[in-house]
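Reader: Please take me through this model one feature at a time. Start each time with how the feature is read.

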Amino acid sequence: MSILVVGSVALDSIQTPFGKVKDALGGSATYFSAASRLYDQVNLVGVVGTDFPQQHVQSFRDWGVNLDGLQVAEGKTFRWSGRYNYDMNTAETLDTQLNVFATFHPELPESYKESEFVFLANIDPVLQLEILSQMHRPKLTVLDTMNYWINYRKDALTKVISAVDIVLLNEAETRQYGNTFSLIRAARKILSLGPKALVVKKGEYGAVLFSNGGELTDSFFFAPAYPLEKIQDPTGAGDSFAGGFLGYLASRSSTAMDDIKRAIVHGSVVASYTVEDFSVGRLGSLTRDHIQKRYLDFKRFTNFEPTCPWSEGCPHLANHDTGTESH
Ligand code: AMP
């Protein structure tokens, strides 16, 4: 299977309590590609300016990412500048310079149109719609966005949400879009527009899956984040989560709910590496071996067997399909 991603390729300037970088390789499509290339072939669509360093182009090539859809336009590359305080879950945007993004219109190379897994990374929802309209029949489409587009392009964003299979949002964006404090109500609102699942990223507190239909108990899944002693820079956690998530599904060629749950764990594993360094410092050199190790750790962290503490027994547990004895 191949994966198509459209999103930003950026030069980021970031400050965290643990250091800072200037004009480092970043962007939603960059983090996504650096993660998903560990699972499958990635076809990237985006734009950079003539100032984009050749060494970064080489990084994409080293990761095996197809750059036929990367336009080089006259002008400067998109730049984003952000700061994190000790609450590393929330970025404060200091500056956004759209530069070549301001006039960008994605054009899909013919070979990209057959990609079966599509990730519409965080960019203007109008451009996300342009991509969808050019695709042949993708097997799975996934959308990410940010508060900026909820504020300024809500109508276009609603159209994209209605057209995709899965939506990835962080907690604040979910509440903002749903216009309610209750994550469950906000999730219901989003799912009522058409997607079959919503994944809410909760930073260091993990990720939650809401799927369409049935009781909450049948349509809810939760995975924690990997416990880390050292975090350097959370930038790209969301996009690399998406890379592990969609990469796993593409490699399995699956859209089944059980695989979507495993995909959330893959997303969490990959994101846990991303935040250990600035830019793609850690993510760029990651191997499948690293992923397997933390994937198994997740199983250990979350696995428990139900047992019964009461002498009269626990009929609910006994009837449960784990096969565990009631006492
Ligand atoms: P995240 O995974 O949410 O931490 O995304 C981080 C990346 O999003 C950074 O590398 C930025 O370059 C990129 N970014 C920030 N603002 C925007 C925007 N308005 N449009 C597209 N990409 C953005």
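The dialogue below goes from the whole chain to the ligand and then to single residues.

Author: This is a predicted model, in which local features need pLDDT of at least 70 and side-chain atom pairs count only at pLDDT 80 or more, while totals for chains, interfaces and linings use all residues. Residues are numbered from 1 along each chain as its sequence is written, and side-chain values use heavy atoms, with hydrogens and water left out.

Reader: How many helices and strands does the chain have?

Author: Helices (H or I, at least four residues) and strands (E, at least two) are DSSP runs, numbered from the N terminus. Here the chain has eleven helices and 13 strands.

Reader: What radius of gyration does the chain have, and what would a compact globule have?

Author: The radius is taken over C-alpha atoms, and the globule rule is 2.2 Å times the number of residues to the power 0.38. For 327 residues the rule gives a value near 20 Å, and the chain agrees, with 20 Å. Along its principal axes the C-alpha trace spans about 75 × 40 × 35 Å.

Reader: What percentage of the residues is buried?

Author: Buried means under 20% relative accessible area, exposed over 50%, and partly exposed in between (1.4 Å probe, protein chains only). Of the 327 residues in the chain, 52% are buried. Accessible areas come from the Shrake-Rupley method with a 1.4 Å probe, and for residues only the protein chains shown count as cover. The accessible surface of the chain is about 15,400 Å², and 49% of this belongs to carbon and sulfur atoms.

Reader: Which residues are closest to the ligand?

Author: A residue counts as near a molecule if one of its heavy atoms lies within 4 Å of it. By this rule 16 residues surround the ligand, and the closest are Ser 8, Asp 12, Gly 27, Gly 236 and Asp 239. β2 (10-16) and α8 (237-252) each supply at least two residues of the shell, and α8 gives the most, with three.

Reader: How do the residues of the shell divide into nonpolar, polar and charged?

Author: Ala, Val, Leu, Ile, Met, Phe, Trp, Tyr, Cys and Pro count as nonpolar, Asp, Glu, Lys and Arg as charged, and the others, Gly among them, as polar. The shell has seven nonpolar, seven polar and two charged residues.

Reader: Which polar side-chain atom lies 2.8 Å from a nitrogen atom of the ligand?

Author: A polar contact is a pair of N or O atoms within 3.5 Å; within protein, one must be able to donate a hydrogen and the other to accept it, and residues adjacent in sequence count only if both atoms are side-chain atoms. The side-chain atom in question belongs to Ser 8. A polar backbone atom of Gly 238 is 3.2 Å from an oxygen atom of the ligand. The ligand taken alone exposes 510 Å², of which the protein buries 87%.

Reader: Is Val 164 buried or exposed?

Author: Val 164 is buried, because its relative accessible area is 3%. Val 164 lies in the loop between α5 (154-163) and β10 (166-170). With contact meaning heavy atoms within 4.5 Å, and leaving aside neighbours within four places in sequence, Val 164 touches Leu 120, Leu 132, Thr 141, Leu 143 and Pro 195.

Reader: Where does Asp 23 lie?

Author: Asp 23 is in strand β3 (residues 19-26). Asp 23 has a positive phi of about 50 degrees although it is not a glycine. Its relative accessible area is 29%, so Asp 23 is partly exposed.
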